[in-house]
Amino acid sequence: MAVSEATIDTENWVETLRSFLAQSPDSLPADIHSLLSEAIDGSHTSLPPRVFYEAVQQSAVAISITDIEANILYANPAFTRITGYTPDEVIGNNESILSDKRTPAQIYENLWSTLLGKRPWSDTLVNRRKDGERYVASLTIAPVLNHQGEITHYLGMHRDVTEEHRLAREVRNNRELIESVVEAAPVVIALLDETGKVVRQN
């Protein structure tokens, strides 16, 4: 079961996400923001908590909710698909179960400093799946505040961007290779814009 009813019931689960959206970070994927916002504010339809819950259950983005010690209380099916961990394996365990031990400590220090300052944190990290395979995660974590402004939960969302990262690195490497070849060419090479102006030369 993805959620322990004794730990966080559906009504509280929805309230946690409602608080999160009230301070939604810019890095939150647009499609997920739209889904969550529509379900909560009823701008188009009024969805009961259970329907909202099922919508997030079916999200393609890995979503987890932790307590203030980063112990996992909830993980949706996308979390399992990306990490390999089932809800039974992660609920009650710390989110650090995904950490790649070679990640510089400064990154985690910045993460916690930002969260404890009641601000959302976003970055790209290398995580580890259950089978030990590393993957690149585009990660957003945000503190969820109660009406007194106290942190009650953390909400994490992440996507596996390993392939995008590989392609971007490949494009960068190819560009650098082409530039090095152009720079070393024994002839004059110039790149002109549409007006005939030189914008790049070796």
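Where is the place of G132? G132 is found in the loop between β3 and β4. The structure described here is a predicted model. The chain has 202 residues, of which 36% count as buried, and its secondary structure comes to seven helices and seven strands. The points below begin with the overall arrangement and then turn to strands, core, pocket and selected residues.

**Overall arrangement**

- Read from the N terminus, the elements of the chain follow the order α-α-α-β-β-α-α-α-β-β-β-α-β-β.
- When contacts between residues at least 6 apart in sequence are considered, 45% of them join residues at least 24 apart.

**Strand β1 and its partners**

- Strand β1 covers residues 62–66, and five of its five residues are buried, which leaves the strand mostly covered.
- In a regular strand the side chains alternate between the two faces of the sheet.
- In β1, A62, S64 and T66 point one way, whereas I63 and I65 point the other way. Residues on both sides of β1 are buried.
- β1 runs antiparallel to β5, and five bridges join the two strands.
- Within this pairing, S64 has G156 of β5 as its bridge partner, and I65 has L155 of β5.
- β1 also pairs with β2 in the antiparallel sense, over three bridges. Here S64 stands opposite A75 in β2.
- The hairpin of β1 and β2 has five residues between the strands, and A70 takes a positive phi near 70° in this hairpin.

**Strand β5 and its pairing with β4**

- Strand β5 spans residues 151–160 and is largely enclosed by the rest of the structure, because seven of its 10 residues are buried.
- Strand β4, residues 134–145, pairs with β5 in the antiparallel sense over nine bridges.
- One of the residues in this pairing is S138, whose bridge partner in β5 is R159.
- Five residues lie between the strands in the hairpin of β4 and β5, where G149 takes a positive phi near 80°.

**The largest nonpolar core**

- In soluble globular proteins, nonpolar side chains tend to be buried together.
- The largest nonpolar core here has 10 residues, namely A62, I72, A75, F79, I82, Y85, V90, L98, Y135 and A137.
- At least two residues of this core come from each of β2 (72–75), α4 and β4.
- A62, a member of this core, is in contact with N76, A78, F79, I82, G156, M157 and H158, leaving aside its neighbours within four places in sequence.

**The largest pocket**

- The volume of the largest pocket is about 350 Å³.
- Its lining consists of 20 residues, and E95, S96, L111, L139 and I141 are those that lie nearest its centre.
- The elements β1, α6 (105–116), β3, β4 and β5 each supply at least two residues of the lining.
- By residue class, the lining of the largest pocket divides into 11 nonpolar, eight polar and one charged.

**Selected residues**

- T80 has its place in helix α4, which covers residues 77–83. T80 counts as partly exposed because its relative accessibility is 23%, and the range for that class lies between 20% and 50%.
- Not counting residues up to four places away in sequence, T80 touches Y85, T86 and P87. The C-alpha atoms of T80 and A62 are separated by 7.8 Å, although the two residues are 18 residues apart along the chain.
- N127 lies in strand β3, residues 121–128. With a relative accessibility of 6%, N127 counts as buried, since the buried class covers values under 20%.
- The contacts of N127, leaving aside its neighbours within four places in sequence, are L98, S99, D100, E133, R134, Y135 and A137.

Notes. Residues are numbered from 1 along each chain as its sequence is written. Side-chain values use heavy atoms; hydrogens and water are left out. Helices (H or I, at least four residues) and strands (E, at least two) are DSSP runs, numbered from the N terminus. Buried means under 20% relative accessible area, exposed over 50%, partly exposed in between (1.4 Å probe, protein chains only). Contact means heavy atoms within 4.5 Å. Two strands pair if DSSP finds at least two bridges between them. A nonpolar core is a set of buried Ala, Val, Leu, Ile, Met, Phe, Trp, Tyr and Cys residues joined through side-chain atoms within 4.5 Å. On a 1 Å grid over the protein atoms alone, a cavity is a set of points where a 1.4 Å probe fits but cannot get out, and a pocket is an open set with protein on both sides within 12 Å along at least five of seven lines; lining residues have an atom within 4 Å of a point. Grid points are joined across faces, edges and corners, and a volume is the space filled by probe spheres set on the points. Ala, Val, Leu, Ile, Met, Phe, Trp, Tyr, Cys and Pro count as nonpolar, Asp, Glu, Lys and Arg as charged, and the others, Gly among them, as polar.
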